[in-house]
Amino acid sequence: MLLKLFLAFTLIPLVEIYLLIKLGQAFGAMTSILLVIITGMLGAYLARMEGLRTLFRIQETLREKKMPGNELLEALLIVLAGLVLITPGFLTDAVGFMLLIPASRVRIRDWLRNRFQARFTRKYDDDIIIQQ
């Protein structure tokens with residue numbers, strides 16, 4: 001786990017710097033800087049819109065007296081999208097925009113839910129076996 005975090009906090013910024021340098025060489029420094037600023041502003045706006053839409057779905061689900069599990073996972077993904085979109089760089093922007101697109105977010109949400117369920121079920125089954 002520690003190695004994964006180290007690699008994530010080391011390799012991702014290095015890739016971002018490399019991409020910024022290459023795009024700066026190809027299109028000019030000011031164009032690259034403006035693109036980073038525009039994607040950050042657009043990402044913040046889209047994250048806000050998707051966040052509000054998800055908040056309304058959470059409220060509707062609660063009014064129906066249901067647990068908003070899927071909606072809460074989507075809200076978490078939207079917050080994550082907002083965080084990576086305010087991080088300067090094109091790789092993180094691509095991930096952030098992917099998380100804001102409802103179709104891809106639903107797939108990621110379902111994948112996460114299945115991982116959580118598998119982990120919980122496995123832990124719960126292990127606890128039952130140990131107690132017996």
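**Salt bridges and their setting**

Tutor: Asp110 is partly exposed, with a relative accessible area of 23%. That value comes from a predicted model. The side chain of Asp110 meets that of Arg109 in a salt bridge, at 2.9 Å from N to O. Arg109 has a relative accessible area of 11%, so this residue is buried, the cut-off being under 20%.

This pair belongs to a wider arrangement. Asp110 and Arg109 are linked with Glu50, Arg53, Arg57, Glu74, Arg105 and Arg113 in a network of salt bridges. The structure as a whole holds nine salt bridges.

Arg53 is partly exposed, at 43% relative accessible area, whereas Glu50 is buried, at 9%.

Next comes the pair of Glu74 and Arg57. Their salt bridge has its closest N and O atoms 2.8 Å apart. Glu74 is in helix H3 (residues 69-85) and Arg57 in helix H2, so this pair ties together parts that are 17 residues apart in sequence. Glu74 counts as buried, with 4% relative accessibility. Arg57 is partly exposed, with a relative accessible area of 29%.

H2 covers residues 29-63, which is 35 residues. At 1.5 Å a residue the helix should span 51 Å, and its end C-alpha atoms are 51 Å apart, so the two values agree. The buried residues of H2 include Ser32, Val36, Thr39, Gly40 and Gly43, along with Ala47 and Glu50. Thr54, Ile58 and Thr61 of H2 are buried too. Ile33 also lies in H2, but Ile33 is partly exposed, with a relative accessible area of 44%. The C-alpha atom of Ile33 is 12 Å from that of Lys22, a residue eleven positions away along the chain. After H2 comes Lys65, which has a positive phi, near 60°.

The surroundings also include surface patches. Lys4, Arg115, Arg119 and Arg122 form a positive one. Helix H5 (residues 102-131) gives the most to this positive patch, with three residues. Lys4 is in helix H1 (residues 2-27). Its relative accessible area is 63%, so Lys4 is exposed, the cut-off being over 50%.

The nonpolar patch has an area of about 690 Å². It is made by Leu3, Phe6, Leu7, Leu11, Leu14, Ile17 and Ile21. Of these residues, Leu7 is found in helix H1. Leu7 is partly exposed, with 37% relative accessible area.

To return to the charged pairs: the network takes in Glu50, Arg53, Arg57, Glu74 and Asp110, among others. Within it, Glu50 is buried, and Glu74 is buried as well.

Technical notes: Residues are numbered from 1 along each chain as its sequence is written. This is a predicted model: local features need pLDDT of at least 70, side-chain atom pairs count only at pLDDT 80 or more; totals for chains, interfaces and linings use all residues. Side-chain values use heavy atoms; hydrogens and water are left out. Patches are made of residues with over 30% relative accessible area and no salt bridge: like charges are joined within 9 Å, nonpolar side chains (Val, Leu, Ile, Met, Phe, Trp, Tyr) within 5 Å. Accessible areas come from the Shrake-Rupley method with a 1.4 Å probe; for residues, only the protein chains shown count as cover. A salt bridge is a side-chain nitrogen of Lys or Arg within 4 Å of a carboxyl oxygen of Asp or Glu. Lys and Arg count as positive and Asp and Glu as negative; His and the chain ends are not counted. The place of a charge is taken as NZ of Lys, CZ of Arg, CG of Asp or CD of Glu. Helices (H or I, at least four residues) and strands (E, at least two) are DSSP runs, numbered from the N terminus. Buried means under 20% relative accessible area, exposed over 50%, partly exposed in between (1.4 Å probe, protein chains only). The expected span of a helix is 1.5 Å times one less than its number of residues.
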